[in-house]
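Hello,

Here is the structure I promised to hand over. Please look through it first; my notes follow.

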Amino acid sequence: MSRIIAITNQKGGVGKTTSAVNLAAGLALLERRVLLIDLDPQGNATMGCGVDKHALGRSVYHLLLGHAELADVKVSTEHGFDVLPANRELGGAEVELIELGRRELRLREALVPARADYDFILIDCPPALNLLTVNGLAAADGVIIPMQCEYYALEGLTDLVNTLRKVRLALNPRIEIDGLLRTLYDPRSTLAQQVVAQLAQHFGDKVFNTVIPRNIRLAEAPSYGRPIFAYDKSSRGALAYQELAAELLQRFGK
Ligand code: ATP
Ligand code: MG
């Protein structure tokens, strides 16, 4: 049975997509079967693994609205994992889903046939606590929360933890925090060190040991449609995401 992990933080630009794509690729390098789901109308995860979001026949939009089966949406990437791609059409699903029944559970139900085929299903959520994100959280066994260690990060975390509590009560009792991931990390910043200390105090061993450094190669790779391992496999960014993939396997013994 797969573990379904939503990579989420309502704050924008904290490294959700970078982490989703590179963790998918890192787990694939460790020979795990991985499905990456792009749940963001920006389509950055789609482009980041080399799939053209402008040329999609079927996308996550069609899956959520029940207009396509998972097998018709799924694309095999060159990087050893599959992706359910998205583009701006998915933005329309927000409104269209409101009229449908069980609107928070569309993704969860669509994933049932795929659970046996993958070890990990990773969901790249949009930077909002909207119905798309709620679909991601309702489908997930756990969440990974990427965060930049800056002053407002902890405030945003409180909102996210409250949302998780509501999701647990109303939709998905099994959801848990799989880990907080420090991203875009600059060890020279004293503020970052203070935030790290507070994180450890509040979340203990939920904080991944692996830290993702700020690394220009990670920012460049998506413009070539490649995960970091296919762009610069000896970069600090590549080493960090490989370490994260290994840490995740250790946590779940898969
Ligand atoms: P959004 O909320 O818009 O979906 P996001 O949380 O998915 O954003 P990313 O798109 O992964 O964040 O990252 C934001 C920007 O920072 C991108 O330009 C990305 O290339 C860059 N970036 C992410 N992680 C790193 C890193 N560790 N080092 C350098 N640049 C990074
Ligand atoms: Mg993103």
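A residue is near a molecule if one of its heavy atoms lies within 4 Å of it. Of the 18 residues around ligand 1, the nearest are K16, T17, T18, P213 and N215.

This is a predicted model, where local features need pLDDT of at least 70, side-chain atom pairs count only at pLDDT 80 or more, and totals for chains, interfaces and linings use all residues. Residues are numbered from 1 along each chain as its sequence is written, chains are lettered from A and ligands numbered from 1 in the order written, and side-chain values use heavy atoms, without hydrogens and water.

Ligand 1 also has polar contacts (pairs of N or O atoms within 3.5 Å). A polar side-chain atom of K16 sits 2.9 Å from an oxygen atom of ligand 1. A backbone N or O atom of G15 is 3.0 Å from an oxygen atom of the ligand. A polar backbone atom of N215 lies 2.9 Å from a nitrogen atom of ligand 1.

Now the helices (DSSP runs of H or I, at least four residues). Helix α1 (residues 16-29) packs on helix α11 (residues 236-252) at about 70°, with the axes 8 Å apart. So α1 is roughly perpendicular to α11 (65 to 115 degrees).

Helices α8 (residues 153-170) and α9 (residues 190-203) have axes that come within 12 Å and cross at roughly 25°. That makes α8 roughly parallel to α9 (under 35 degrees). L154, L157 and V161 in α8 meet V195, Q198, L199 and F203 in α9 (heavy atoms within 4.5 Å).

Best wishes

Definitions and conventions: Axes fitted to C-alpha atoms, helices over the stretch in contact; angles between N-to-C directions. Helix = DSSP H or I, 4+ residues; strand = E, 2+ residues; numbered from the N terminus. Parallel < 35°, antiparallel > 145°, perpendicular 65-115°, else oblique. Polar contact = N/O pair within 3.5 Å; in protein donor to acceptor, adjacent residues only side chain to side chain.
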